Amino acid sequence: ATVSVLNWAGGSSRNWLMSEGDSGGGKDRQQSKKERQASALHEPLLDMSSADASPSGAADAAEIEVLVESEREETGSFSREATAPSSKPAEEREALLASTSATPSSQPREKPGRGARRNTRIGNVMQRLPSFSRRKSVFKLDLPSTLSPQYPIASNMEALLASVKTAIENGKLPELVVAGSSGSYWIFDDTGKKVGIFKPKSEEPYGPANPKWGKWFHRVMCPCCFGRSCLLPNTGYVSEAGAYAMDVLLDLQVVPPTSIVKLAAKPFNYNSLERRLPNLPQKLGSFQVLVDTNGDGKTLQHDALSTPQKETLLNQFQRLVVLDYMTRNTDRGLDNWLVHVVENNVRVHAIDNGLAFPYKHPDNWRTYPPSWSSHALGKKPFLKEIRQMVKVRLSSDTWMTRCEDRLRSIMEMDDIFTEKNFQGQLSVIRGQRKNLLNCLDKEGTTPQDLFAMHPLFIVRKASGMVGWKTHLPCFRCC
């Protein structure tokens with residue numbers, strides 16, 4: 001007989017001992033669930049002497065498998081440990097198994113009280129809630145080059161996050177952002193200064209805990225028009241971090257430092273079960289550092305800028321074009337890129353990158369063209385310095401490998417990660433990379449010419465890279 005010992009290493013240490021008989025069926029197989037549990041607690045199922053007396057010597061080959069469910073706060077993962085077939089005498093094996101039992105068979109188990117049963121039910125429900133990720137992974141922030149203006153902020157990210165957690169503990173709580181379709185929150189440090197924005201996974205536009213009624217109504221009443229078919233649902237937080245990683249890989253310096261963190265605060269949208277717990281569960285999401293700005297693409301007055309400012313703006317704008325094209329951002333509106341003008345220097349910041357990295361190209365009827373494809377700056381040819389900088393990086397033999405490794409480490413943090421979907425995302429990136437290189441090889445090409453190229457989908461197979469063209473975007477009907 002094979003004996004399994006299940007040890008629940010949770011809030012209440014309970015053990016169940018089960019014995020599986022032969023495959024011929026019998027009375028044990030016909031018992032109800034309650035009867036089997038009662039027999040597991042009160043009947044002497046672990047009598048190893050009968051096994052030793054069997055002519056087949058089944059006791060010598062008996063394997064004791066211990067399943068330990070570890071309720072870690074961060075991962076909630078399961079670990080399995082199996083011991084080899086025991087060669088100890090029957091008395092020692094019986095004593096070992098008896099020591100693992102939390103309730104002796106001679107003493108009936110005490111019926112748990114009402115409060116214990118309620119906490120158990122709440123804990124069982126919490127195991128199924130999507131408020132936090134179960135994957136064991138630690139996010140490591142990418143550091144840009146030391147010459148980048150974002151390097152001081154990125155290098156001090158750990159200290160900034162520690163200050164944010166201290167502020168929450170001291171009562172300086174996050175504030176819900178009124179604008180937008182998701183549950184986003186302004187975050188403050190211990191001095192009360194607004195330092196960033198936090199976007200929980202569970203409160204994304206189509207997340208189960210989205211506090212905005214518009215998307216809730218959309219999800220319930222219009223499920224057939226739910227989300228974007230080319231994107232994976234509720235993965236905006238890893239897309240935000242992936243866009244910053246792509247920015248660092250290409251040295252574009254337009255995406256503010258973005259990290260994946262876990263935070264818990266009362267203003268977050270928790271359900272009634274979560275709020276009844278002693279400690280609010282931490283929510284997994286993206287944290288993006290707040291940057292200084294004078295406006296955005298809508299309020300930008302290009303004619304009022306000086307000539308040096310216009311040249312700097314064009315350089316920054318084309319960096320934004322390269323980022324959006326490589327990540328195939330489907331939500332680059334005029335209000336999703338900020339502008340900061342200081343004397344003769346103009347900085348462009350790409351925010352709201354949560355709807356990027358599709359696993360396939362958008363369909364013909366809705367291509368999600370970016371705002372720069374019809375902008376006045378999108379009609380100007382790529383600058384020589386931009387063409388050289390991007391071509392040097394994308395032409396490297398190791399760039400795609402480094403990109404794949406970095407994006408994999410980020411995308412794997414999500415619960416719905418699958419290798420098939422990730423390979424689709426990489427196939428889109430390979431196609432975008434090839435088109436971008438072909439476009440930059442020709443002088444006089446513009447961002448509009450780049451977006452008008454046939455999107456490519458390049459798949460890596462054992463025989464090599466295999467790619468094909470998809471539809472041609474149409475600006476007039478989209």
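## Chain overview

Of the contacts in the chain with a separation of 6 or more, 69% are between residues 24 or more positions apart, a contact being heavy atoms within 4.5 Å. The model is predicted, and local features need pLDDT of at least 70, side-chain atom pairs count only at pLDDT 80 or more, and totals for chains, interfaces and linings use all residues. Residues are numbered from 1 along each chain as its sequence is written, and side-chain values use heavy atoms, with hydrogens and water left out.

The chain has 15 helices and 14 strands, taken as DSSP runs (H or I, at least four residues; E, at least two) numbered from the N terminus. Buried residues (under 20% relative accessible area, 1.4 Å probe, protein chains only) make up 44% of its 478 residues.

Beyond its neighbours within four places in sequence, Ile260 is in contact with residues including Phe139, Tyr237, Val238, Ala241 and Ile410.

## Helices α9 and α13

The axes of α9 and α13 (residues 399-411) come within 10 Å and cross at roughly 155°, where axes are lines fitted to C-alpha atoms over the stretch in contact and angles run from 0 to 180 degrees between N-to-C directions. That makes α9 roughly antiparallel to α13, a term for angles over 145 degrees.

Methods:
Angles under 35 degrees count as roughly parallel, over 145 as roughly antiparallel, 65 to 115 as roughly perpendicular and the rest as oblique. Buried means under 20% relative accessible area, exposed over 50%, partly exposed in between (1.4 Å probe, protein chains only).
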